[in-house]
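Here are my notebook entries from a sitting with this model. I jotted things down in the order I looked them up, so please follow along in the viewer.

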Amino acid sequence: MSYRVLVSAPYFLPEVGRFRDYFSKHDLEAVIADVEERLEEDELLGLVGDIDAVVCGDDRFTARVMDAAPRLKVISKWGTGIDSIDSAAAAARGIRVCRTPNAFTHPVADTVLGYILCFARNLPFMDDAMKRGEWKKIPGRAMNESTVGVIGVGAIGTAVLRRAAPFGATLLGTDIRKIDPDVITETGVRMTSLEDLLAESDYISVNCDLTDLSHHLLNDTTFALMQSHAVVVNAARGPVIEEPALVRALESGGLGGAALDVFEDEPLPATSPLRQMANVLIAPHNSNSSPTAWERVHLSTLDQMVAALTEQA
């Protein structure tokens with residue numbers, strides 16, 4: 001039996017040709033989507049009518065999309081986060097949702113620590129001044145003088161703590177789940193409330209999943225709790241931060257800076273004020289960048305999809 005597979009994961013699309021033999025071996029026909037970052041609901045509606053399985057990125061798989069796909073059996077997410085997929089709707093329709101947990105723990109945690117060090121030592125800002133012809137010594141902060149707060153002490157949050165600990169930083173964490181005592185012992189993190197973490201931290205790393213509880217977790221009210229020199233790093237999900245509130249905090253001097261790999265709207269609109277702010281570092285949702293991790297996720301995404309198709313055959 002052959003299966004039509006919609007391929008819309010941006011990181012996998014350039015590699016589909018390398019997996020031609022894999023597709024042939026498992027009787028898979030690749031249907032290539034035209035996508036830059038993700039497909040929205042209306043875009044998917046015209047693509048899924050005769051599709052049996054999907055290799056997707058952050059596409060908006062709603063109940064309406066699933067109802068338009070009577071043959072759909074598997075949604076195999078390239079990566080970890082499945083907040084863009086209505087999992088309850090999928091379960092009700094017998095559609096399997098697959099993902100690769102902890103797919104990018106190391107590169108994302110490296111990115112977070114890199115951003116913290118950039119702000120602590122003012123590296124990009126001195127570089128920019130030098131290239132403008134200025135000999136400008138910008139005061140920095142040593143990590144052992146700093147407090148790093150991690151919102152969401154899961155796999156990536158724990159990896160951030162493990163990287164920050166050898167620098168001598170004071171470590172704070174907050175989570176809605178009980179954290180493994182061994183992680184606390186290993187890293188020396190002090191678990192506390194969100195409010196206390198925000199008030200005490202010099203650098204705040206957002207590492208929680210996007211859920212109803214975490215949507216716009218950082219907003220006008222929570223930004224007001226932070227120190228005026230504090231820096232927020234978000235390499236998790238854009239909507240955890242209410243972007244207009246972030247812009248207000250940065251413009252008013254209530255927040256020292258931000259490093260953002262993810263945004264509420266992606267690609268980040270050309271009109272976003274964040275693009276013009278000197279105290280903001282931005283990247284195109286690329287903290288997962290790692291050839292080794294990518295290859296592992298390519299194979300995991302395909303293998304899980306084939307296993308699910310085989311079980312339902």
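**Entry 1: Asp202**

I started at Asp202, which I found in the loop between α9 (194–200) and β9 (203–206). Helices here are DSSP runs of H or I with at least four residues, strands are runs of E with at least two, and both are numbered from the N terminus. Before going further I noted that this is a predicted model, in which local features need pLDDT of at least 70 and side-chain atom pairs count only at pLDDT 80 or more, while totals for chains, interfaces and linings use all residues. Residues are numbered from 1 along each chain as its sequence is written, and side-chain values use heavy atoms, with hydrogens and water left out.

Is Asp202 buried or exposed? Its relative accessibility is 5%, so I logged Asp202 as buried. The cut-offs are under 20% relative accessible area for buried and over 50% for exposed, with partly exposed in between (1.4 Å probe, protein chains only).

Next I looked up what the side chain of Asp202 reaches. I found the backbone nitrogen of Thr147 at 2.7 Å, and a polar contact with the side chain of His229 at 2.5 Å. A polar contact is a pair of N or O atoms within 3.5 Å; within protein, one must be able to donate a hydrogen and the other to accept it, and residues adjacent in sequence count only if both atoms are side-chain atoms.

I then listed the contacts of Asp202, meaning heavy atoms within 4.5 Å. Leaving out residues up to four places away in sequence, Asp202 touches Arg141, Glu145, Ser146, Thr147, Gln227, His229, Ala230 and Val231.

**Entry 2: Helix α7**

How many residues of helix α7 are buried? I counted 7 of the 10 in residues 155–164, so α7 is largely enclosed by the rest of the structure. The buried ones are Gly157, Thr158, Ala159, Val160, Leu161, Arg163 and Ala164. Their cover includes α5 (105–121), β6 (147–151), β7 (170–174), α8 (181–187) and β9.

**Entry 3: α5 and its two partners**

I followed α5 next. Its axis comes within 9 Å of the α7 axis, and the two cross at roughly 50°. That makes α5 oblique to α7. Axes are lines fitted to C-alpha atoms, for helices over the stretch in contact, and angles run from 0 to 180 degrees between N-to-C directions. Angles under 35 degrees count as roughly parallel, over 145 as roughly antiparallel, 65 to 115 as roughly perpendicular and the rest as oblique.

From α5 the contact uses Thr105, His106, Val108, Ala109, Asp110, Val112 and Leu113, and from α7 it uses Ala155, Ile156, Ala159, Val160, Arg163 and Ala164. Sorted by class, this contact of α5 with α7 has 9 nonpolar, 2 polar and 2 charged residues. Ala, Val, Leu, Ile, Met, Phe, Trp, Tyr, Cys and Pro count as nonpolar, Asp, Glu, Lys and Arg as charged, and the others, Gly among them, as polar.

With helix α6 (residues 123–131), the α5 axis comes within 5 Å and the crossing is roughly 55°. α5 and α6 are therefore oblique to each other. I noted Leu117, Cys118, Phe119 and Arg121 on α5, against Leu123, Pro124, Phe125 and Met126 on α6. By class that contact has 7 nonpolar, no polar and 1 charged residues.

Arg38 sits in the loop between β2 (28–32) and α2 (41–45). With 13% relative accessibility, Arg38 counts as buried. Its side chain reaches the backbone oxygen of Asp58 at 3.2 Å. Beyond residues up to four places away in sequence, Arg38 touches Glu43, Asp58, Asp59, Arg60 and Glu266.

Pro267 lies in the loop between β11 (257–260) and β12 (280–282).

**Entry 4: Positive phi**

Which residues did I flag for backbone angles? Asp27 is not a glycine, yet has a positive phi of about 55°. Asp27 is in the loop between α1 (20–25) and β2, and at 41% relative accessibility counts as partly exposed. His216 also has a positive phi, near 55°, in the loop between β9 and α10 (220–223). At 23% relative accessibility, His216 is partly exposed.
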